[in-house]
Amino acid sequence: MTAEAVPAVRPPGPRTVDVWLDPACPYTWLTSRWLQEAARVRPLHLRRHLMSLAILNEGSDDDPEGDPTGFLMVPVRIGTAVLHHHGQEALARFHAALWADSGTGGDAGRSKKWINDPADALADAGLPADLAAAGGSTAYDGELRSSHAEAVRLLGPRPGTPVVAVTDPAEPGLPPLAFFGPVLSRLPRGEEAGRLWDGTLLVAGTPGFHELKGTPADPDPDVRRGDDPM
(Lines give C-alpha, C1' and ligand atoms only; values in the text may rest on other atoms or scores of the structure.)
Protein backbone atom coordinates (compact mmCIF):
# COMPACT_ATOMS: atom_id res chain seq x y z
CA MET A 1 0.00 0.00 0.00
CA THR A 2 1.36 3.39 -0.95
CA ALA A 3 1.39 6.34 1.39
CA GLU A 4 -1.21 8.05 -0.81
CA ALA A 5 -3.66 5.17 -0.19
CA VAL A 6 -3.68 5.66 3.58
CA PRO A 7 -6.44 8.10 4.59
CA ALA A 8 -5.44 11.01 6.77
CA VAL A 9 -6.52 10.89 10.39
CA ARG A 10 -9.02 13.65 11.01
CA PRO A 11 -10.04 14.93 14.45
CA PRO A 12 -13.36 13.35 15.40
CA GLY A 13 -16.45 15.51 15.30
CA PRO A 14 -19.10 15.94 18.02
CA ARG A 15 -19.77 12.77 19.98
CA THR A 16 -22.15 11.65 22.70
CA VAL A 17 -20.17 9.63 25.24
CA ASP A 18 -22.01 7.31 27.62
CA VAL A 19 -19.85 5.94 30.44
CA TRP A 20 -20.90 3.20 32.85
CA LEU A 21 -18.98 3.34 36.11
CA ASP A 22 -18.72 1.87 39.56
CA PRO A 23 -18.05 4.91 41.76
CA ALA A 24 -15.84 2.90 44.15
CA CYS A 25 -13.27 1.96 41.47
CA PRO A 26 -10.16 4.21 41.43
CA TYR A 27 -9.31 3.43 37.81
CA THR A 28 -12.87 4.24 36.76
CA TRP A 29 -12.54 7.57 38.58
CA LEU A 30 -9.42 8.35 36.56
CA THR A 31 -11.13 7.40 33.29
CA SER A 32 -14.09 9.63 34.11
CA ARG A 33 -11.72 12.51 34.90
CA TRP A 34 -9.91 11.92 31.61
CA LEU A 35 -13.23 12.13 29.76
CA GLN A 36 -13.92 15.46 31.47
CA GLU A 37 -10.49 16.70 30.42
CA ALA A 38 -11.04 15.48 26.86
CA ALA A 39 -14.41 17.23 26.76
CA ARG A 40 -12.61 20.54 27.32
CA VAL A 41 -10.66 20.18 24.09
CA ARG A 42 -12.96 17.96 22.01
CA PRO A 43 -16.71 18.32 21.29
CA LEU A 44 -17.96 15.62 23.69
CA HIS A 45 -21.24 15.38 25.57
CA LEU A 46 -20.80 13.11 28.60
CA ARG A 47 -23.57 11.04 30.14
CA ARG A 48 -22.92 8.94 33.26
CA HIS A 49 -24.56 5.63 34.12
CA LEU A 50 -24.00 3.10 36.89
CA MET A 51 -22.66 -0.43 36.82
CA SER A 52 -21.37 -2.57 39.69
CA LEU A 53 -18.23 -4.59 40.29
CA ALA A 54 -20.16 -6.57 42.91
CA ILE A 55 -22.82 -7.53 40.35
CA LEU A 56 -20.13 -8.21 37.77
CA ASN A 57 -18.49 -10.74 40.10
CA GLU A 58 -21.69 -12.52 41.11
CA GLY A 59 -21.35 -16.26 40.65
CA SER A 60 -17.55 -16.22 40.27
CA ASP A 61 -15.47 -18.69 42.26
CA ASP A 62 -13.16 -16.02 43.66
CA ASP A 63 -13.53 -12.45 44.91
CA PRO A 64 -11.18 -10.31 42.81
CA GLU A 65 -12.26 -7.15 44.62
CA GLY A 66 -11.67 -8.55 48.12
CA ASP A 67 -15.14 -7.55 49.32
CA PRO A 68 -16.48 -10.33 51.59
CA THR A 69 -18.94 -8.00 53.35
CA GLY A 70 -20.52 -6.64 50.18
CA PHE A 71 -19.61 -3.02 50.93
CA LEU A 72 -19.04 -2.32 47.23
CA MET A 73 -22.81 -2.20 46.77
CA VAL A 74 -23.15 0.75 49.17
CA PRO A 75 -21.67 3.60 47.05
CA VAL A 76 -23.15 2.37 43.78
CA ARG A 77 -26.61 2.05 45.34
CA ILE A 78 -26.31 5.59 46.68
CA GLY A 79 -25.09 6.74 43.27
CA THR A 80 -28.13 5.16 41.65
CA ALA A 81 -30.42 7.00 44.07
CA VAL A 82 -28.58 10.26 43.35
CA LEU A 83 -28.98 9.81 39.60
CA HIS A 84 -32.64 8.80 39.97
CA HIS A 85 -33.63 11.82 42.04
CA HIS A 86 -31.15 14.52 41.07
CA GLY A 87 -29.72 13.69 37.64
CA GLN A 88 -26.41 13.70 35.83
CA GLU A 89 -24.68 16.71 37.36
CA ALA A 90 -25.51 15.55 40.88
CA LEU A 91 -24.02 12.13 40.15
CA ALA A 92 -20.86 13.82 38.86
CA ARG A 93 -20.60 15.87 42.08
CA PHE A 94 -21.17 12.81 44.26
CA HIS A 95 -18.55 10.81 42.35
CA ALA A 96 -16.02 13.63 42.68
CA ALA A 97 -16.72 14.02 46.40
CA LEU A 98 -16.10 10.31 46.95
CA TRP A 99 -12.58 10.74 45.59
CA ALA A 100 -11.81 14.23 46.88
CA ASP A 101 -8.45 14.77 48.55
CA SER A 102 -8.43 14.11 52.27
CA GLY A 103 -7.30 17.66 53.01
CA THR A 104 -4.08 16.59 54.73
CA GLY A 105 -1.98 18.35 52.09
CA GLY A 106 1.28 17.20 50.54
CA ASP A 107 1.14 14.03 48.46
CA ALA A 108 -1.45 12.24 50.60
CA GLY A 109 -3.91 11.92 47.73
CA ARG A 110 -1.51 9.85 45.68
CA SER A 111 -1.61 6.96 48.12
CA LYS A 112 -5.39 7.17 48.48
CA LYS A 113 -6.82 3.81 47.48
CA TRP A 114 -10.33 4.04 48.80
CA ILE A 115 -13.26 6.38 48.69
CA ASN A 116 -14.38 8.85 51.32
CA ASP A 117 -17.37 8.03 53.50
CA PRO A 118 -20.40 8.12 51.13
CA ALA A 119 -22.44 10.07 53.70
CA ASP A 120 -19.72 12.72 53.84
CA ALA A 121 -19.55 12.74 50.04
CA LEU A 122 -23.28 13.47 49.84
CA ALA A 123 -22.83 16.45 52.15
CA ASP A 124 -19.80 17.71 50.24
CA ALA A 125 -21.75 17.38 46.97
CA GLY A 126 -24.65 19.42 48.37
CA LEU A 127 -27.06 16.48 48.27
CA PRO A 128 -29.68 15.38 50.81
CA ALA A 129 -28.31 13.31 53.68
CA ASP A 130 -31.20 10.85 53.55
CA LEU A 131 -29.86 9.47 50.28
CA ALA A 132 -27.27 7.60 52.37
CA ALA A 133 -29.99 5.16 53.41
CA ALA A 134 -30.05 3.82 49.84
CA GLY A 135 -26.66 2.21 50.48
CA GLY A 136 -28.23 -0.40 52.74
CA SER A 137 -31.43 -0.81 50.76
CA THR A 138 -32.44 -2.82 47.69
CA ALA A 139 -34.92 -0.13 46.63
CA TYR A 140 -32.85 0.96 43.62
CA ASP A 141 -31.34 -2.43 42.76
CA GLY A 142 -33.72 -2.99 39.84
CA GLU A 143 -32.66 0.30 38.27
CA LEU A 144 -28.98 -0.44 38.97
CA ARG A 145 -29.17 -3.94 37.49
CA SER A 146 -30.94 -2.64 34.40
CA SER A 147 -28.21 -0.06 33.85
CA HIS A 148 -25.51 -2.66 34.52
CA ALA A 149 -27.12 -5.05 32.00
CA GLU A 150 -27.07 -2.31 29.38
CA ALA A 151 -23.29 -2.02 29.74
CA VAL A 152 -22.83 -5.80 29.62
CA ARG A 153 -24.91 -6.04 26.44
CA LEU A 154 -22.45 -3.72 24.72
CA LEU A 155 -19.34 -5.84 25.38
CA GLY A 156 -20.45 -9.25 26.62
CA PRO A 157 -20.15 -10.86 30.06
CA ARG A 158 -17.67 -9.54 32.63
CA PRO A 159 -16.43 -6.56 30.63
CA GLY A 160 -14.95 -4.68 33.59
CA THR A 161 -15.57 -1.03 34.48
CA PRO A 162 -15.77 1.50 32.99
CA VAL A 163 -17.63 0.73 29.79
CA VAL A 164 -17.74 3.57 27.27
CA ALA A 165 -20.10 3.87 24.31
CA VAL A 166 -19.65 6.59 21.69
CA THR A 167 -22.32 7.73 19.25
CA ASP A 168 -22.24 10.30 16.48
CA PRO A 169 -25.34 12.52 16.55
CA ALA A 170 -24.95 13.00 12.80
CA GLU A 171 -25.36 9.24 12.24
CA PRO A 172 -28.06 8.12 14.70
CA GLY A 173 -28.72 4.87 12.85
CA LEU A 174 -25.27 3.45 13.52
CA PRO A 175 -24.63 1.28 16.60
CA PRO A 176 -22.41 2.87 19.26
CA LEU A 177 -18.68 2.28 19.30
CA ALA A 178 -18.16 0.55 22.66
CA PHE A 179 -15.03 -0.35 24.59
CA PHE A 180 -13.74 -1.07 28.08
CA GLY A 181 -11.45 1.49 29.67
CA PRO A 182 -8.99 2.86 28.93
CA VAL A 183 -7.39 1.96 32.26
CA LEU A 184 -5.16 4.82 33.42
CA SER A 185 -2.90 5.27 36.43
CA ARG A 186 -2.44 9.02 35.94
CA LEU A 187 -4.55 11.78 34.46
CA PRO A 188 -3.70 13.26 31.06
CA ARG A 189 -4.73 16.88 30.78
CA GLY A 190 -5.47 19.37 28.05
CA GLU A 191 -4.41 18.42 24.56
CA GLU A 192 -2.77 15.25 25.88
CA ALA A 193 -6.25 14.12 26.99
CA GLY A 194 -7.60 15.08 23.57
CA ARG A 195 -4.94 13.09 21.72
CA LEU A 196 -5.67 10.05 23.88
CA TRP A 197 -9.34 10.43 22.99
CA ASP A 198 -8.53 10.63 19.27
CA GLY A 199 -6.28 7.56 19.51
CA THR A 200 -8.80 5.57 21.52
CA LEU A 201 -11.48 6.18 18.89
CA LEU A 202 -9.04 5.25 16.14
CA VAL A 203 -8.03 1.98 17.80
CA ALA A 204 -11.48 0.96 19.07
CA GLY A 205 -13.04 1.78 15.69
CA THR A 206 -10.60 -0.36 13.68
CA PRO A 207 -12.41 -3.41 12.26
CA GLY A 208 -11.25 -6.56 14.03
CA PHE A 209 -9.79 -4.72 17.02
CA HIS A 210 -10.04 -6.75 20.21
CA GLU A 211 -7.67 -5.70 22.99
CA LEU A 212 -4.70 -3.47 23.77
CA LYS A 213 -2.84 -3.54 27.08
CA GLY A 214 0.20 -1.69 28.38
CA THR A 215 2.56 -1.97 31.35
CA PRO A 216 2.74 1.36 33.20
CA ALA A 217 5.90 2.26 35.08
CA ASP A 218 3.72 3.25 38.05
CA PRO A 219 0.50 1.19 38.05
CA ASP A 220 -0.89 2.62 41.31
CA PRO A 221 -3.71 5.03 40.45
CA ASP A 222 -2.94 8.69 41.13
CA VAL A 223 -6.42 9.86 42.08
CA ARG A 224 -5.57 13.36 43.28
CA ARG A 225 -8.09 15.99 42.21
CA GLY A 226 -5.96 19.03 42.83
CA ASP A 227 -7.90 22.13 41.77
CA ASP A 228 -9.93 20.42 39.05
CA PRO A 229 -13.24 22.21 38.52
CA MET A 230 -16.30 20.00 38.24
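**Ground rules.** I number residues from 1 along each chain as its sequence is written, and I leave out hydrogens and water, with side-chain values resting on heavy atoms. As the model is predicted, local features need pLDDT of at least 70 and side-chain atom pairs count only at pLDDT 80 or more, while totals for chains, interfaces and linings use all residues.

**Entry 1, the chain.** I looked up the secondary structure and found 7 helices and 4 strands. Helices here are DSSP runs of H or I with at least four residues, strands are runs of E with at least two, and both are numbered from the N terminus. From that end the order reads β-α-β-α-α-α-α-α-β-β-α. Of the 230 residues, 44% count as buried, which is to say under 20% relative accessible area with a 1.4 Å probe, protein chains only. I also noted that, of the contacts with a separation of 6 or more, 77% join residues 24 or more positions apart. A contact is a pair of heavy atoms within 4.5 Å.

I then turned to α4, residues 88–98, where 8 of the 11 residues are buried. Among them are Leu91, Phe94, His95 and Leu98. What do the buried residues of α4 pack against? I list β1 (15–21), α1, β2 (44–50), α3 (73–86) and α5 (118–124).

Helix α1 (26–41) packs on helix α7 (190–204) at about 100°, and their axes are 8 Å apart. Axes are lines fitted to C-alpha atoms, for helices over the stretch in contact, and angles run from 0 to 180 degrees between N-to-C directions. The two helices are therefore roughly perpendicular, a label given to angles of 65 to 115 degrees. On the α1 side I find Trp34, Leu35, Glu37, Ala38 and Val41, and the α7 side includes Leu196, Trp197 and Thr200. By class this contact has 7 nonpolar, 3 polar and 2 charged residues. Ala, Val, Leu, Ile, Met, Phe, Trp, Tyr, Cys and Pro count as nonpolar, Asp, Glu, Lys and Arg as charged, and the others, Gly among them, as polar.

I looked up α3 with α6 (141–155) next: the angle is about 95° and the axes lie 9 Å apart. That makes α3 roughly perpendicular to α6. Met73, Val76, Arg77, Thr80 and His84 of α3 meet Asp141, Glu143 and Leu144 of α6. I count 3 nonpolar, 2 polar and 3 charged residues there.

The largest pocket has a volume of about 1100 Å³. Of its 27 lining residues, Phe180, Pro182, Val183, Leu212 and Lys213 are the closest to its centre. A pocket is an open set of points on a 1 Å grid over the protein atoms alone, with protein on both sides within 12 Å along at least five of seven lines; lining residues have an atom within 4 Å of a point. Which element gives the most to this lining? It is α7, with 5 residues. By class I have 17 nonpolar, 8 polar and 2 charged residues.

I found 2 cavities of 30 Å³ or more; in a cavity, a 1.4 Å probe fits but cannot get out. Volumes are the space filled by probe spheres set on grid points, joined across faces, edges and corners. The second largest cavity comes to about 30 Å³. Val19, Leu21, Ser32, Leu35, Gln36, Leu46 and Arg48 line this cavity. Here α1 gives the most, with 3 residues.

Terms used. Angles under 35 degrees count as roughly parallel, over 145 as roughly antiparallel, 65 to 115 as roughly perpendicular and the rest as oblique. Buried means under 20% relative accessible area, exposed over 50%, partly exposed in between (1.4 Å probe, protein chains only).
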